[in-house]
Each structure stands twice: as structure tokens, then as C-alpha cells.
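Work through the following exercises with the sequence and the structure side by side, and try each task before you read its solution.

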Amino acid sequence: MSDIEIRDDRAAGRLEAIGGGEVVGRIEYFVLDAPERALVPVHTIVEPAHEGKGIAGSLARELYALSRREGVVVAPLCPYVVKWAERHPDEAPAADPELLRAAKEWLVAHPGRF
């Protein structure tokens with residue numbers, strides 16, 4: 001994993017893992033503004049040739065670190081991030097159910113986004 005760099009492409013809504021000059025994995029997310037500001041991961045994708053190398057976990061860890069740096073919460077809708085958060089409660093505080101409901105409503109209201 002030492003040759004993997006993670007960068008946030010906020011405009012595109014992607015947290016990307018870069019290796020060998022190419023994107024080898026990503027978390028696709030959006031920023032929810034209400035009822036409170038939150039990062040909402042929707043999909044985690046790792047290219048097949050790079051699976052099993054810890055890239056998805058590193059992306060999830062960085063997403064939560066990014067949220068702490070920005071002072072916002074994570075409201076995970078992505079099944080991988082939900083499971084990762086359950087396994088790492090010390091790094092990934094549980095999201096308020098109302099916030100998760102609002103994130104799901106946003107996703108339904110923006111069907112072409114993901």
C-alpha cells in the first residue's frame with residue numbers, strides 16, 4: 001500500500017486511490033447540507049487487478065479522517081463503508097438515523113447522480 005496515494009476530488013465526488021499513475025479504487029460520495037453537513041459515501045469500487053490489497057479499507061479510513069478534519073459526519077449508504085464502520089467503531093462514529101434518512105431521500109431525488 002505504500003505506493004498508493006489517496007486524493008479527494010470533491011468536485012467529482014470521488015475519493016480516489018492512485019497507484020502507478022492510475023485510479024485503482026474510489027469511493028463515490030456526495031455532500032449533504034441538511035439536516036446537517038455530511039459526507040455520504042454511495043459506492044466503493046476497487047479495480048479487479050487491485051482487489052485484496054487493502055485499498056477499499058484505506059479509502060474508508062481516509063473518508064472518516066477527512067470528515068474529522070472538516071468537522072462533519074459521515075452518513076454511509078455504501079454497503080462496504082457501512083460494514084467497515086461496524087468493524088472500526090473507534091474511527092467511524094455511527095450516523096444519526098435522521099441523517100441517514102435525509103441522505104437516502106437526497107439520493108432518490110437525484111437519480112442520475114450515481
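**Exercise 1.** Why is strand β2 (residues 14–19) largely enclosed by the rest of the structure?

*Solution.* This is a predicted model, in which local features need pLDDT of at least 70 and side-chain atom pairs count only at pLDDT 80 or more, while totals for chains, interfaces and linings use all residues. Residues are numbered from 1 along each chain as its sequence is written, and side-chain values use heavy atoms, with hydrogens and water left out. Strands are DSSP runs of E with at least two residues, and helices are runs of H or I with at least four, both numbered from the N terminus. Five of the six residues of β2 are buried, so the strand is largely enclosed; buried means under 20% relative accessible area, with a 1.4 Å probe and protein chains only.

**Exercise 2.** Find the strands that pair with β2.

*Solution.* Two strands pair if DSSP finds at least two bridges between them. Begin with β1 (residues 4–9), which runs antiparallel to β2 and is joined to it by six bridges; here Ile 6 stands opposite Ala 17. Then turn to β3 (residues 22–32), which also pairs with β2 in the antiparallel sense over six bridges, and where Gly 25 stands opposite Ala 17.

How values were computed
Buried < 20%, exposed > 50% of the residue type's maximum accessible area, 1.4 Å probe, protein only.
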